[in-house]
Amino acid sequence: MVDKSKTGIVLAPYGSLSLPALATYEGIVQAYENEFSGSSVQLAFTSKLMRRRLEEREGILVPDLPGALQELQDLGCDRVAVQSLQIVPGGEFHQIAELIYALRMDHASRIPNLELGLPLLSSLSDCRTVSSLLPDLISRAGVDISSERDKQGSRLAVLLAGHGTNHPADALYCLLASILDKQYRNVFLASIEGAFGLEDLLPALKERGAERILLMPFMLVAGGHAEKDLFGVDPQSWKSILEREGYQVSSHNQGMGESSEVISLFLERTRRAMDKM
């Protein structure tokens, strides 16, 4: 049994300048404080650029991961779980993992028990679990994908837009996309910066006979990428491209971190990390 009086938790996303995204992060922090009452919960942004610009523009100070760990150390926490808030274990996650490993090897560290919680998707099982949650998440945007799937000649498609990465972990997006294709004929996943983008998906949308598209972020928060790259007025935004292709596009600009089901998955990953202490 973990003694929570000396246990700390660091939530480590990349970060964002968007005020709605920051509100989502705060909601996740609150969920952790409720679940792990008595533990000290810190938010840390892994992006130096996000931290600097957020301080310059909004006067908001968010520590980096070493700074958050130091704060917990100063509070006397000798057991700390660092929870990655990434979607897949790409480059950002591995930078966190390298830091955790280095601190574990440092015999002078004042945090003798340090564990790392995995991202949202790191296995086939994770992809299947997230896929099973999607009907509830999409229903909050006003679409029942189960009934749409069963309709003959349905013209509605749901397009989930992930961030993507040039790291090999990008393959997890493709794995999830293949599961969605088998489980829901009208739900698609592509990414902004990954191997399978919107242009790659357009032929499949046409083949399925889609006329209307619900566009949703497959990201923890609906920050700058959602505001600009997905829903922006720029001709190269996904919404603009899809409309030029002749689709009627509706937008659901809400990050997955607004979902209690997704937060529960991260809580479970943190519990697994703490069980190792």
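This is a predicted model: local features need pLDDT of at least 70, side-chain atom pairs count only at pLDDT 80 or more; totals for chains, interfaces and linings use all residues.

Biologist: Why is α5 called oblique to α7?

Modeller: The axes of α5 (residues 124-139) and α7 (residues 171-183) cross at roughly 45 degrees. Roughly parallel needs an angle under 35 degrees and roughly perpendicular one of 65 to 115, so α5 and α7 are oblique to each other. The crossing is right-handed, and the two axes come within 9 Å.

Biologist: Which residues of α5 and α7 meet?

Modeller: From α5 there are Leu124, Cys127, Arg128, Val130, Ser131 and Leu134; from α7, Leu172, Leu175, Leu176, Ile179, Leu180 and Gln183. Nine of the residues in this contact are nonpolar, two polar and one charged.

Biologist: What makes α1 oblique to α11?

Modeller: Helix α1 (residues 19-35) packs against helix α11 (residues 260-275) at about 50 degrees, the axes being 11 Å apart. That angle makes the pair oblique. α1 passes α11 in a right-handed crossing. Ile28, Ala31, Tyr32 and Glu35 of α1 meet Ile263, Phe266, Leu267, Thr270 and Arg271 of α11. This contact divides into six nonpolar residues, one polar and two charged.

Biologist: How do you know whether Ser84 is buried or exposed?

Modeller: Buried means under 20% relative accessible area. Ser84 has 0%, so Ser84 is buried. Ser84 lies in strand β3 (residues 79-84). Leaving aside residues up to four places away in sequence, Ser84 touches Ala12, Phe93, Leu116, Gly117, Leu118, Pro119 and Phe266.

Biologist: What makes the pairing of Ser84 with Gln86 a polar contact?

Modeller: The cut-off for N or O atoms is within 3.5 Å, and the side chains of Ser84 and Gln86 make their polar contact at 2.4 Å.

Methods:
Residues are numbered from 1 along each chain as its sequence is written. Side-chain values use heavy atoms; hydrogens and water are left out. Axes are lines fitted to C-alpha atoms, for helices over the stretch in contact, and angles run from 0 to 180 degrees between N-to-C directions. Helices (H or I, at least four residues) and strands (E, at least two) are DSSP runs, numbered from the N terminus. Angles under 35 degrees count as roughly parallel, over 145 as roughly antiparallel, 65 to 115 as roughly perpendicular and the rest as oblique. A crossing is left-handed if the near helix is turned anticlockwise from the far one by less than a right angle, and right-handed if clockwise. Contact means heavy atoms within 4.5 Å. Ala, Val, Leu, Ile, Met, Phe, Trp, Tyr, Cys and Pro count as nonpolar, Asp, Glu, Lys and Arg as charged, and the others, Gly among them, as polar. Buried means under 20% relative accessible area, exposed over 50%, partly exposed in between (1.4 Å probe, protein chains only). A polar contact is a pair of N or O atoms within 3.5 Å; within protein, one must be able to donate a hydrogen and the other to accept it, and residues adjacent in sequence count only if both atoms are side-chain atoms.
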